Amino acid sequence: MFIIVFVTCANSKQADKISQALIKAKLAACVNLINPINSLFWWQGKVDSCKETLLIIKTKRSLFSRLEKLIKSLHSYEVPEIIALPIVKGSKKYLDWINDSTR
């Protein structure tokens with residue numbers, strides 16, 4: 001029912017814009033911004049690297065499609081990282097708060 005979504009952003013300005021939009025739309029209960037992170041990855045047939053900002057988004061599984069659509073509309077990357085992992089256990093009060101904070 002609940003998920004954590006990871007999204008990497010080109011910079012903190014983009015990360016803040018996406019985070020604000022997700023919270024205001026009630027698609028996320030909480031977004032943590034971790035800046036900077038160093039990313040190393042394959043892109044267009046070669047190894048590349050850059051500094052990025054990582055978003056850790058707490059939300060409900062049922063909101064993923066809407067959340068993904070909003071992120072893609074604001075993101076500068078051709079192929080943004082938008083991956084979700086299930087929350088298999090958690091504090092009941094915290095999970096209730098996620099539920100109550102999203103729609």
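**Note on the predicted model**

1. The side chains of Lys92 and Asp96 are joined by a salt bridge, with N and O 2.8 Å apart. The model under review is a predicted one. Both residues belong to helix α3 (residues 92-101), where a spacing of 4 residues puts about one helical turn between Lys92 and Asp96. Lys92 is exposed, at a relative accessible area of 61%, whereas Asp96 is partly exposed, at 33%. As for the position of Lys92 relative to Thr8, the two residues are 84 places apart along the chain, and their C-alpha atoms are separated by 28 Å.

2. How many salt bridges does a search of the whole structure find? The search returns 2. Glu68 and Lys72 are both located in helix α2, 4 residues apart, or about one turn of the helix. Glu68 is partly exposed, its relative accessible area being 25%; Lys72 is also partly exposed, with a value of 49%.

3. The axes of α1 (residues 12-24) and α2 (residues 64-74) come within 10 Å of each other and cross at roughly 145°. The crossing is right-handed. On the α1 side the contact involves Gln14, Lys17, Ile18, Ala21 and Leu22, which meet Leu67, Leu70, Ile71 and Leu74 of α2. Classified by residue type, this contact of α1 with α2 has 7 nonpolar, 1 polar and 1 charged residues.

4. Is Gln14 buried or exposed? Its relative accessible area is 10%, and since the limit for a buried residue is under 20%, Gln14 counts as buried. When neighbours within four places in sequence are left aside, Gln14 is in contact with Cys9, Leu74, His75 and Ser76.

5. The largest nonpolar core contains 16 residues, and the members that touch the most other members are Val5, Val7, Leu22, Leu55, Ile57, Leu67 and Ile71. Two or more residues of this core come from each of β1 (2-9), α1, β3 (46-60) and α2. Strand β1 provides the largest share, 4 residues. Leu22, Leu67 and Ile71 are also among the residues through which α1 and α2 meet.

6. Which residues does Val7 touch, not counting those up to four places away in sequence? The contacts of Val7 are Thr53, Leu54, Leu55, Ile57, Ile71, His75, Glu81 and Ile82. Of these, Leu55, Ile57 and Ile71 are named with Val7 among the core members that touch the most others.

7. The peptide bond between Asn35 and Pro36 is cis, with omega at about -10°; Pro36 is part of strand β2 (residues 30-43).

8. Lys26 is not a glycine, yet has a positive phi of about 60°. This residue lies in the loop between α1 and β2, and Lys26 is partly exposed, with a relative accessible area of 30%. Gln44, likewise not a glycine, has a positive phi of about 50°. Gln44 is placed in the loop between β2 and β3, and it is exposed because its relative accessible area of 65% lies above the cut-off, over 50%, for that class.

Note on methods: Residues are numbered from 1 along each chain as its sequence is written. This is a predicted model: local features need pLDDT of at least 70, side-chain atom pairs count only at pLDDT 80 or more; totals for chains, interfaces and linings use all residues. Side-chain values use heavy atoms; hydrogens and water are left out. Axes are lines fitted to C-alpha atoms, for helices over the stretch in contact, and angles run from 0 to 180 degrees between N-to-C directions. A crossing is left-handed if the near helix is turned anticlockwise from the far one by less than a right angle, and right-handed if clockwise. Contact means heavy atoms within 4.5 Å. Ala, Val, Leu, Ile, Met, Phe, Trp, Tyr, Cys and Pro count as nonpolar, Asp, Glu, Lys and Arg as charged, and the others, Gly among them, as polar. Buried means under 20% relative accessible area, exposed over 50%, partly exposed in between (1.4 Å probe, protein chains only). A nonpolar core is a set of buried Ala, Val, Leu, Ile, Met, Phe, Trp, Tyr and Cys residues joined through side-chain atoms within 4.5 Å. A salt bridge is a side-chain nitrogen of Lys or Arg within 4 Å of a carboxyl oxygen of Asp or Glu.
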